[in-house]
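Subject: Model handover

Hello,

Here is the model for your files. My notes follow below it.

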Protein chains: 2
Amino acid sequence: MRGYRGQILYTPEPGKLECVPDGTVFVGDNGCVQRVVREIPKDMRSVPVDDFGDKLILPGFCDLHLHSSQLPNRAMGYDGDFSDWLNNYTYPTERLYAQPEYARKLNRRLLQELWENGVTGSVIMSSTSAAATADLFEQTVRSGLRAGIGKMNSDLGAFGEPNETTEDSKRETLELISRYAGKNERVQLMISPEFIPCCTDEMLGFLGELAQKNRLSVQSHLSESPGDVGMVAKRFPGLDYASVYRKFGLFGQTPTVMVHCLYNTEQEVELMRECHIHVAHCPISNNNVPSGRLMPLRRFMERGIPVGLGSDVAGGHTLCMMQNIVAAVQVSKQQAVLFPEQKPVTVQEAFYLATKGGGSFFGRVGSFEPGYAFDALVIDDENLDDFMERSLPERLIRFIYRGDSRNISRRFCQGQEIAKPE
Amino acid sequence: MRGYRGQILYTPEPGKLECVPDGTVFVGDNGCVQRVVREIPKDMRSVPVDDFGDKLILPGFCDLHLHSSQLPNRAMGYDGDFSDWLNNYTYPTERLYAQPEYARKLNRRLLQELWENGVTGSVIMSSTSAAATADLFEQTVRSGLRAGIGKMNSDLGAFGEPNETTEDSKRETLELISRYAGKNERVQLMISPEFIPCCTDEMLGFLGELAQKNRLSVQSHLSESPGDVGMVAKRFPGLDYASVYRKFGLFGQTPTVMVHCLYNTEQEVELMRECHIHVAHCPISNNNVPSGRLMPLRRFMERGIPVGLGSDVAGGHTLCMMQNIVAAVQVSKQQAVLFPEQKPVTVQEAFYLATKGGGSFFGRVGSFEPGYAFDALVIDDENLDDFMERSLPERLIRFIYRGDSRNISRRFCQGQEIAKPE
């Protein structure tokens, strides 16, 4: 058992911010929060306590969607058209990522940047390369960070040649499962079809069975733009996008993250609720590569569908979750202009999305309620001083809007302090 | 004469990016660019050259609109309603800013942060406090940075009590003019009515005359939201917003910056073109405090109306012009979704807005064409390395999306290197 003392902030519910000034969070040897207290009770007085003074203690951030192979392409090609983007940036980097030495270097950089940005949990879609995915898995285990990682399956050429053959894709996925599935508590292997337009029926069915048989969670893209929505509608007449995933066993049969979700019908949203789908909302990506609609975030939140934030690197250009929180708030305000019944989210609500909202994919992660994994950040906001007396909620908001990785002074995952990955 | 060697980038026109790899910009003793060359010509070989190696040399940024007294309120109150914002944040800070010791501290911080963010030129609306404005003027002169600064005039209570009496406002404005008008080459005193709803007719007429008599430039807000547009329409039936400013001598009779410009009619836009109005587009502010419309940026650019970017601190939460550039691109993309004829701006176009677009308010500022003031930044982008060979335009874009003040290693204004304001 160990205690951490400081200015404690977390959100057990969207919009409900718990503030414990000069509080102490006690963490058990299992790395989970035992309790958060204002006054240290008698029976805890012998427990060693690290005192972070006036610094903030927050739950670590969760990035619910990013593409590891696309890390180099942040900022690149957002002005061009989609096929230029794929051909000039996306594909060349994917090809390089298949080279072991390059993948090792890139994965190391990714983990370092996740660490820097206080992203203690992330859901990562790797490329089709099994070798790069294996390396990422192993490096992530060594880092101590929490993640779900999957080799992308993409055996149907929706935008040109397929990225891999069905046979190779299956074989490599099976190999990865035999090596990594269920082998680590913090890092889980995920089933990761790119999305329906890039997978054959055979592949989708195969992956759905594999996920259920091995109890592997699933990540994929859903309804990002009229383009993919149209392709799915044409290929599966009479079935909606969500139902296609469902039919193949890839929609909530095991824990599932669906990314974007901009164009879903009322019926699909209802199916998502029923199937406990986790939604990864990627506001910066939606701003960089607009698809014609804004995210109807409030619709999902009102139904109690768990939503987290995704950087969608490299559709998004930053792993900084504070910037992703700000973008979520801003996009929701613009959405409310168009659809006034969809009330904008507050900063506190968006902070919830970036912590417990996304963290819920991993279980009891993203909050400091008893039993939650102590995934935490210590925030030094001294340089953000604005000559005013600020309350703890104001200091949190100020850090979110104005802070950057320099303000994150320590990171914990499952109760262990995490060093910068080497 | 002195030369600066490096990877030179600037935009003589929107969308036209000049790249001079391993180039040298020669700067005369007047602080202005003489020429940019790839090879140093014979007659220049004796000129001393500072070699910045592989670093980028860019024009300094221009922030065409910010409120000095609101610096502490970045991030604060964006979730609340407008009157809470005014009462809980805006007004208390304005009142504090009237205290000399506080104003001195805040102005110093502002200049330090402008320096840090590479904002070598800015148009600053101070508060109604003449003392705070005087201090800001003097500190800015000492800093070596370029700026336009004005005491805000606000003698009509559009949102409660007026901020000052007409008499005090006039007297203090005259005093400031007698002390500072025309006294410094880089720092100019500006006429700064808050906006029409907060100024009496008497004040507007007085300021218009004053501006013309003393050849002082003007800054004010124009058509930010249905609220102010409605108030002006009600008070001046039959006149549009722009024409009210024009009628009082505050719309292009001298160089004029109008801020926001979200709701202007075709007729007003035409008047803006005729009157050579400079428009300050504040995309982050529009995102934080949405008013129901997005900026029709392309409309202004197509007419050749000079547009610059404004942080609008504290409607915007950051002085980082790279973030403002990214927001301008993103907002223009969302606008294009709604109005497809308004083509989104590219990063290079938005970079133009943040340099030469805004800089044109000061004259020949914001570019490296011959005769332009050498207001410049040296950018060290080594930590942004992405394991790929990147062209100079790509490096610029990468810095804009992913860089922060840490990447700005040197700042020049009018040919002089600027140290961090003390």
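Ala75(A) sits in the loop between strand E5 (61–67) and helix H1 (82–97) of chain A; helices (H or I, at least four residues) and strands (E, at least two) are DSSP runs, numbered from the N terminus. This is a predicted model, in which local features need pLDDT of at least 70, side-chain atom pairs count only at pLDDT 80 or more, and totals for chains, interfaces and linings use all residues. Residues are numbered from 1 along each chain as its sequence is written, chains are lettered from A and ligands numbered from 1 in the order in which they are written, and side-chain values use heavy atoms, with hydrogens and water left out.

Although not a glycine, Ala75(A) has a positive phi, near 90 degrees. Ala75(A) counts as buried, at 1% relative accessibility (buried means under 20% relative accessible area, exposed over 50%, partly exposed in between; 1.4 Å probe, protein chains only).

Arg215(A), also not a glycine, has a positive phi of about 50 degrees. Arg215(A) lies in the loop between helix H5 (201–214) and strand E11 (218–222) of chain A and is exposed, with a relative accessible area of 75%.

A cis peptide bond joins Val313(A) to Ala314(A), with omega about 10 degrees. Ala314(A) is in the loop between strand E14 (307–309) and helix H11 (321–338) of chain A. In chain B, Val313(B) and Ala314(B) are likewise joined by a cis peptide bond, with omega about 10 degrees.

Regards
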